[in-house]
Amino acid sequence: METVPIFVGGVWREGRGPRMESRFPADGSLNTVMRAASAEDVEAAVQAAEQAWRDPAWRQRLPHQRAALLLRVSELIDAQQERLAQLQTRDNGKPLAETRALVASAAATARYFAAACETLEGELTTPRSPGIMTLSRYEPIGVVAAITPWNSPVASEMQKIAPALAAGNAVVVKPAEATPLLALELARLFEQAGLPRGLLSVLPGKGSVTGEALIRHPLVKKIAFTGGTETGRHLAHVAAEKLIPASLELGGKSPTIVLDDADVEVAARGICYGAFSSAGQACIAGTRLFVHRTLWQPLMARLVELTRALRLGHPCQPGTHVASLINEAQRERVMHYVALAREEGGTVLCGGGVPSDPTLACGPWFEPTIITGLSNQAQVCQQEIFGPVLVALPFDDEPALIAAANASIYGLAAGIWSRDSARALRLAEQLEVGTVWINTYKTFSVSTPFGGYKQSGLGREKGRQGLKAWMQQKSVYLATAPGINHWSD
Ligand code: ADP
């Protein structure tokens with residue numbers, strides 16, 4: 001198979017690093033072969049980016065002109081939605097229904113940041129001295145690095161590329177090693193839409209080699225990362241050494257809470273989706289379930305029933321709920337945690353193993369699994385598994401529930417199921433997490449900030465401030481009256 005080119009400083013060419021592959025997780029078949037970006041490629045991309053963002057032709061491009069470019073990209077994505085979704089499914093193995101939504105969200109993100117960019121206003125701040133006008137304006141940061149994971153590539157990539165370019169920066173993307181294809185496709189679409197050369201590079205490769213060279217490059221002035229907490233901590237150290245901002249969207253172990261007044265059917269359906277869509281490979285997956293003891297029996301019975309009815313299948317087959325995991329290593333990790341849960345005294349209510357269906361023997365499928373009988377301190381309740389495993393615990397009173405829900409190093413998201421909105425809102429205030437869903441789960445809006453409390457992250461993506469996060473503010477003092485006496489004597 002011929003190697004596909006990567007996008008270095010506006011040039012499509014072979015990488016100078018080792019050979020790497022994209023494989024279809026469902027059966028391991030080869031999608032593409034490429035050569036990774038080497039440290040030399042990182043150097044070329046960053047130098048081109050530095051030149052490109054400083055180019056007066058780009059610096060002087062007005063917000064509505066940058067917005068027009070993003071709108072063209074969103075139209076190109078919409079026009080090719082099915083092809084892109086299929087490619088995303090080939091690359092990361094998610095069901096087509098999910099990758100269609102991811103691609104649609106990438107187009108929506110481009111449109112949103114076009115609008116946000118066009119309408120972002122600087123400020124004339126309130127005067128404090130006669131004859132002095134004070135204003136505050138937003139300026140780009142320069143060359144920024146975007147490091148993305150394999151679980152929702154096209155969405156996490158656009159959440160970084162769109163605001164970065166809208167803000168006037170140049171961006172170098174390092175996609176996850178397992179899933180380089182959509183970032184490269186996005187680069188083609190930006191190029192087709194007329195993005196000047198050098199403003200976007202896509203450098204597939206290993207985190208420890210390509211990623212490391214990128215984040216350490218002295219010309220890189222911001223790191224935006226989505227991925228695991230340990231890698232995020234490392235990137236934060238590098239950013240601290242360089243004294244540059246880092247925005248980090250990290251792991252989670254999100255609690256979902258069923259209050260005693262919840263609608264059991266609605267809650268069970270939402271919890272099942274929140275835990276098992278994307279085969280649980282989502283930082284926001286609702287994997288720690290707390291159920292009020294009065295509803296424990298009916299809720300758990302219905303949840304097990306719904307979970308057993310989930311259709312495991314090929315990601316391109318219509319109606320598939322749960323496709324394979326990304327690779328065998330991930331399945332082994334999940335199996336390790338299920339074994340640990342059993343050792344810790346847990347009971348597996350459903351799932352817990354590799355499905356027996358012979359048509360699923362071609363890839364790393366794992367059964368959606370529900371575990372009970374553990375305490376909140378159990379490792380399976382505290383560590384992020386990143387697979388289809390839900391742990392359920394009963395609770396009796398709200399103070400104990402809140403303490404348990406917050407007893408986690410993570411603070412990404414939470415779900416509350418209750419018929420009483422005011423009560424749910426009061427509870428939401430007490431949860432130490434960045435996003436709370438009430439009577440819904442995993443619904444998203446690009447206009448609403450997203451990010452974590454505690455070790456789930458730093459900074460926010462999306463929303464209007466998701467654009468400002470890619471800019472720095474400059475204050476200007478202008479004397480409007482001649483002869484200001486600075487010595488005031
Ligand atoms: P996972 O693969 O489990 O999501 P990571 O959080 O390590 O875990 O990966 C997320 C992204 O971070 C990937 O693109 C990966 O290549 C990248 N990455 C990993 N280590 C580094 C590093 N030292 N420097 C820069 N990027 C890294």
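**A mixed sheet, its helices and a buried lysine**

Pro-255 has Arg-288 of β14 as its bridge partner. The model behind this is a predicted one, with pLDDT of at least 70 needed for local features and 80 or more for side-chain atom pairs, while totals for chains, interfaces and linings use all residues. Residues are numbered from 1 along each chain as its sequence is written, and side-chain values rest on heavy atoms, with hydrogens and water left out.

Strands here are DSSP runs of E with at least two residues, helices are runs of H or I with at least four, and both are numbered from the N terminus. Two strands pair if DSSP finds at least two bridges between them. On that basis, seven strands make up an open sheet with mixed pairing, in the order β15-β16-β17-β14-β13-β19-β20. At the edges sit β15 (347-350) and β20 (435-438), each pairing on one side only. From one strand to the next, the twist averages 25°.

Now for the helices. Helix α14 (residues 398-406) lies across β13, β14 and β17 (389-395), and runs at about 175° to β14. Helix α15 (residues 421-430) also packs on the sheet, touching β13, β19 (413-417) and β20, and its direction makes about 160° with that of β20. Contact means heavy atoms within 4.5 Å; angles run from 0 to 180 degrees between N-to-C directions, with axes fitted to C-alpha atoms, for helices over the stretch in contact.

Elsewhere, Lys-94 lies in the loop between α4 (81-92) and α5 (96-119). Lys-94 is buried (under 20% relative accessible area, with over 50% being exposed and the range in between partly exposed; 1.4 Å probe, protein chains only). Lys-94 has no salt bridge, and the nearest side chain of opposite charge, Glu-98, is 4.0 Å away. A salt bridge needs a side-chain nitrogen of Lys or Arg within 4 Å of a carboxyl oxygen of Asp or Glu. What Lys-94 does have is a polar contact of 3.1 Å with the side chain of Ser-152, that is, a pair of N or O atoms within 3.5 Å, one able to donate a hydrogen and the other to accept it.

Leaving out residues up to four places away in sequence, Lys-94 touches several others, including Ser-278 and Pro-315. Ser-278 lies in the loop between α10 (264-276) and β14, and its phi is positive, near 55°. Ser-278 counts as buried because its relative accessibility is 8%. Ala-279, in the loop between α10 and β14, has a positive phi near 50° and is buried, with a relative accessible area of 2%.

Terms used
Lys, Arg positive; Asp, Glu negative; His and termini not counted.
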